[in-house]
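Good morning, everyone, and thank you for making time for this short talk. Please have a look at the structure on the screen, and then I will walk you through a few of its features.

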Amino acid sequence: MTTSNSPSNIGRCMAVIVALLIAAPASRAQSEGAIPPPLSYPRAQYYMNNPQAWSQFLSELPQGAAAQSDESTLHAVPPTSGGTWTAVTAAPVALANPLLLTDGTVIASRVDAAQWFKLTPDKKGNYAKGTWSKIANLPVIDGTQYAPLYHSSAVLPDGRVIIMGGEYNGGNNPVWTNMGAIYDPVANTWTAVLPPPGWSYFPDGTGVIGDSESVVLADGTFMQAACCLLPDGDALLDAASLTWNNTGAPRLGNFYQDEQGYNLLPNGNVLTLDIWTDFDFNTFTSSGNPTNAEQYEPKSGLWVRAGNTPVSLVDPYECGNFEIGPAVMRPDGTLVAFGGNTGCQEAASKENPTAIYNAGSGTWSAGPNVPAVCGKEATKDCDLADAPAALLPNGNILFAASAGYGGAPTHFFEYTKNNAINQVADTLFYSANSGAYYYNFLVLPTGQILSTDFSKIAEVYTPTGSPHSGWAPTITSYPTSVNPGGYYKISGTQFNGLSQGADYGDDVQAATNYPLVRITNSTTGRVFYARTANHSTMSIAPGTASSTTFTVPGTIETGSSVLEVIANGIASKAVTITVE
């Protein structure tokens, strides 16, 4: 490795980038205009050298949905196929990054701010008719308010929520913060989490984690990637002590992993698609479009080859964005990976590809291209450079796409079990004026998909069809009677489902491969979620033996009830219990 590739020199470059971007003319506040997208490090370097281009870039982005009229109900696509959208009760503020707590509530962050809010479904378990309430603010860490946008996140097996890093922190200029925090939903408190040792280029703790990817391994360990270390880094969290242990990091992509995503596989390994294989860190230029993939093996702590995609899914190097799309594991043991081709003028091909990974055989095959129905004239190729996707209970994958790098409008599609792509209805609000990177997806216990878009109005997508019975959790041992406030254990198989659920890549993670317990009163039909914790595994392998504990809400109604275990919106066969 040459001297210019050393962490110290890369760190000096990062320091200059951060300083100049902060000094650049500020864009309008997010509630009033454009919301900045995630940026790769080389893209940020370009804006460092061209501050006027940074201002121009911000001015050309879609204007923030939060600034639009709440009465806007533009439909770019009528609901002639697929599911339907329903608006959720308006939140107090514009929201992003929704996460599903193990008590069935949803938390989401105020855009680029320290405030977080909670959505509680109504008495019948309806999220669209739910209510929003404020939870604790993020902490002030070493004198700086932690308020990230585009960061890693996960719900841990003990029910706590961890977030790390942030490309932005309380403003529209990238800082790639190393701050982090963990949320205890029972105590309603956030606690600061230090970064892994050595993961900092500068005294102010910036430059390494930023908008990096993360994953909860099958054994329940949280693994954090370093956005911008060169050579790159990964670390494993000891959730009890909140300390870190370094582990192996991807090595086949030129020792760098900015903008990549992590996907848990049924064998317990973690998949990533390399972006930087042909990148020259001496000249900050690239000469090719990579196709190689890698797998992390938890037992060895090392990354190994995982084949090559039939076509590169990385945004063509001529475009200079170095982005890629999300990837979603399906119940049949295949993973669909989406491309991030922004279709710049210099790119040889404007088509945005997909590829299918067979986790059993370790082989790749080509999938269909995303339709060319985006742009104002509905003729440009749609891409998923920073865009969401989520597994539906029927086995299809819902995804959002738009033209270029975050150009409006955004359209929505289902990638079917038969590997076809069908356009479905656009959201009720704001899709005509939003780029795909605005959207975050979350799989709800109802089987619906919650979508946030940097506005106050989240929406839920209700798909058609139903899941295969073999995809559901199975209960083998459970208490036949429970008491309000009681603590119990339940066992069975496939409690985590067969996928992580939703994916975005780096910037946002909202996996739901963990069990929820839903109790419905047989007389009134009222729905209660019992907070789960201590999951025995986070594996998504078919038939995995599983157990978890649950705490019955103190407010639960007594009498005959039915209990279900839910993973990724798919419920087990209900069992009858008595609440005494």
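This is a predicted model: local features need pLDDT of at least 70, side-chain atom pairs count only at pLDDT 80 or more; totals for chains, interfaces and linings use all residues.

Of its 580 residues, 64% count as buried, and the exposed surface comes to about 19,400 Å², of which carbon and sulfur atoms supply 52%.

Let me turn to one sheet, an open one of 4 strands, which are ordered E2-E3-E4-E5 and paired in antiparallel fashion. Strands E2 (95-100) and E5 (131-134) stand at the edges, and because each has a single partner strand, one side of each is left without a neighbour in the sheet. From one strand to the next, the twist averages 30 degrees. Strand E4, residues 116-120, is joined to E5 by 4 bridges, and Lys 118 has Ser 133 in E5 as its bridge partner.

Now to the cysteines: how many disulfides does a search of the whole structure find? There are 3, and, counting bonded cysteines along the chain, they follow the pattern 1-2, 3-4, 5-6.

One of them links Cys 227 to Cys 228, with 2.0 Å from S to S. Another joins Cys 319 and Cys 344, with the sulfur atoms 2.1 Å apart. Cys 319 lies in the loop between strands E23 and E24, and Cys 344 in the loop between E25 and E26, so this pair ties together parts that are 25 residues apart in sequence. The torsion about that S-S bond is about -85 degrees, so the disulfide is left-handed, whereas the link of Cys 374 and Cys 382, with 105 degrees, is right-handed.

Notes. Residues are numbered from 1 along each chain as its sequence is written. Side-chain values use heavy atoms; hydrogens and water are left out. Buried means under 20% relative accessible area, exposed over 50%, partly exposed in between (1.4 Å probe, protein chains only). Accessible areas come from the Shrake-Rupley method with a 1.4 Å probe; for residues, only the protein chains shown count as cover. Two strands pair if DSSP finds at least two bridges between them. Helices (H or I, at least four residues) and strands (E, at least two) are DSSP runs, numbered from the N terminus. Axes are lines fitted to C-alpha atoms, for helices over the stretch in contact, and angles run from 0 to 180 degrees between N-to-C directions. A disulfide is a pair of cysteine sulfur atoms within 2.5 Å.
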